[in-house]
Amino acid sequence: MSGVRVLVGTRKGAFILTSDGKRQKWDVSGPHFAGWEIYHMKGSPASPNRIYASQTSGWFGQIIQRSDDGGKTWIQPGTPPGEPTTGPGGMPKGESNKFVYDTSAETGKPLTTHQWYDGTQHPWEFKRVWHLEPSLSEPEVVYAGVEDAAIFRSKDGGKSWQELSGLRGHGTGPKWQPGAGGMCLHTIVVDPRNPRRIVIAISAAGAFRTDDGGKTWKPINKGLHSQYIPNPTAEIGHCVHHIAMSRKRPNTLFMQKHWDVMRSDDGGDNWKEVSGNLPTDFGFVIDVHTHEPETIYVVPIKSDGEHFPPDGKLRVYRSRTGGNEWEALTKGLPQKDCYVNVLRDAMAVDSLDKCGIYFGTTGGQVYCSADAGDNWTPIVHDLPAVLSVEVQTLS
Amino acid sequence: MTAVPSGKIRVILPPHLRGLAHVKGEVLLQVAGTPSVRSVLDALEAAYPMLRGTIRDHVTQQRRPFLRFFACEEDLSHESPDTPLPEAVVSGKEPLLILGAIAGG
């Protein structure tokens, strides 16, 4: 019997929602890590009971948690309670909380500043992990997108982390600048045909791609137009909010930018706008139907100054034509007095025959549609503000 | 208060870190040499490795900005981390408190 496991990160802990394939009755576990911000949780496609979680706090810093039993129990990889912190030779053991930027002679010194809000240069300072992306095939390999923007990789199940410094090192780092949420690397998409091809996105720098497993990177922002930067078509400086890829057609990417919904059919080399008849093209989330690569979903948000849905109506918009022509999906969603936001990592799709769509709100609701968006029901109403939603399809 | 074993330093962690370390109430630590904030934190992190990086930075060893150290009603946060702790802390009469700033939340 198939089922789903929905991983919800919130401002005050993690929650795990499970159901069978009908997706009507749900079990809720949590809060895990109560009181901590859980920016993201994601399961390993190669070993589904392995789940990685980013637990963070402005007071206490970054913690990485890992479960190997589907979220029942958790460990901090590399530092189990009671074990000494050094190995027999006196060398430090792997420290899963430790994210240290590469300062090697090859890549370090020139990379240590980026643009600050006032246009001056500012040193790179690690703040938190926004997104964890487990390898599609290797359970021990996981990528972390962090603030200040950089990508790290662990090859030992989260015990230790190394920066893939070619991203910051390719030359445009001093032009990157923080968006309102900080200078975060929030999106990591791995090509299922070729794990050496990875697309990432940074607010506010733009999208980048590696084709050699993270050694070298290039900006892929051609076609983006952002009125809020001095040169609206600059190579760097765009506030990309999220990118989604169809696993059936990995060269096609969809992007929700600060303003504008975009698509690329050449792996990000060129983009075109597909906002079409959306009521507003500002928003954060975007995702693709698992089985239909031209069916995509967004949640329009009124504006960057008003982070809530237009007219107090929470509407998911679906395009079955890969963009431009959009329909509002409203059945089961509040259509008056609704002023929540849906943050960038808070939408996910399952891979059951009737594709399930999930999203969470800053009001603490997590909605599910078990019929590709036609009808929606809340799984939970009253969680803390939802930061992220991921779903695992279990067989 | 129950008797403190001889030579042990009492430490009170903020609630989030007690949860992370799976401890309830005070932590009792055996500290080598003259007890100071640094040597107490060294002992704390050795006993509870999951706390590394949560109180002081992994690399710089600087106190995280939203945390403070108090003992005997005095703020020790801006003292040198090698300053000997007050005798009342060394004797176990008073604890070393690690507090999170009361802000936001």
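Two strands are taken to pair if DSSP finds at least two bridges between them. In this predicted model, that criterion gives an open sheet of four strands in chain A, ordered β25-β26-β27-β28. The pairing in the sheet is antiparallel. Its edges are β25 (347-349) and β28 (377-380) of chain A, each of which pairs on one side only. From one strand to the next, the twist averages 25 degrees. Three bridges link β27 (residues 366-369) of chain A to β28(A), again in the antiparallel sense. Within β28(A), A:T377 stands opposite A:C368.

Chain B contains three helices and five strands. Read from the N terminus, its elements follow the order β-α-β-α-β-β-α-β. The C-alpha trace of chain B spans about 35 × 30 × 25 Å along its principal axes. The radius of gyration of chain B is 13 Å, which agrees with the value near 13 Å for a compact globule because the estimate is made for the same 105 residues. Of these 105 residues, 30% count as buried. Among contacts in chain B with a separation of 6 or more, 52% come from residues 24 or more positions apart.

Strand β3(B) takes part in two antiparallel pairings. With β5(B), β3(B) forms four bridges. B:L67 stands opposite B:G100 in β5(B). With β4 (residues 74-75) of chain B, β3(B) forms two bridges. Here B:F70 has B:D75 of β4(B) as its bridge partner. The hairpin of β3(B) and β4(B) has two residues between the strands. In this hairpin, B:C72 adopts a positive phi near 50 degrees.

Helix α2 (residues 37-47) of chain B has buried residues B:V37, B:V40, B:L41 and B:L44. These four cover an arc of only 95 degrees around the axis, and therefore lie on the same side of α2(B). An α-helix has 3.6 residues a turn, so residues three or four places apart point the same way. The buried residues of α2(B) are covered by elements including β1 (8-12), β2 (27-30), β3 (67-71) and β5 (96-100) of chain B.

The contact involves 18 residues from chain A and 18 residues from chain B. On the side of chain A that touches chain B, seven residues are nonpolar, eight are polar and three are charged.

Key: Residues numbered from 1 in each chain as written. Chains lettered and ligands numbered in written order. Predicted model: local features only at pLDDT ≥ 70, side-chain atom pairs only at ≥ 80, totals over all residues. Axes fitted to C-alpha atoms, helices over the stretch in contact; angles between N-to-C directions. Buried ≥ 20, exposed ≤ 12 C-beta atoms within 10 Å, placed from the backbone. Arc of directions from axis to C-beta. Contact = placed C-beta atoms within 7 Å. Nonpolar A, V, L, I, M, F, W, Y, C, P; charged D, E, K, R; others polar. Rg over C-alpha atoms; globule rule 2.2 N^0.38 Å.
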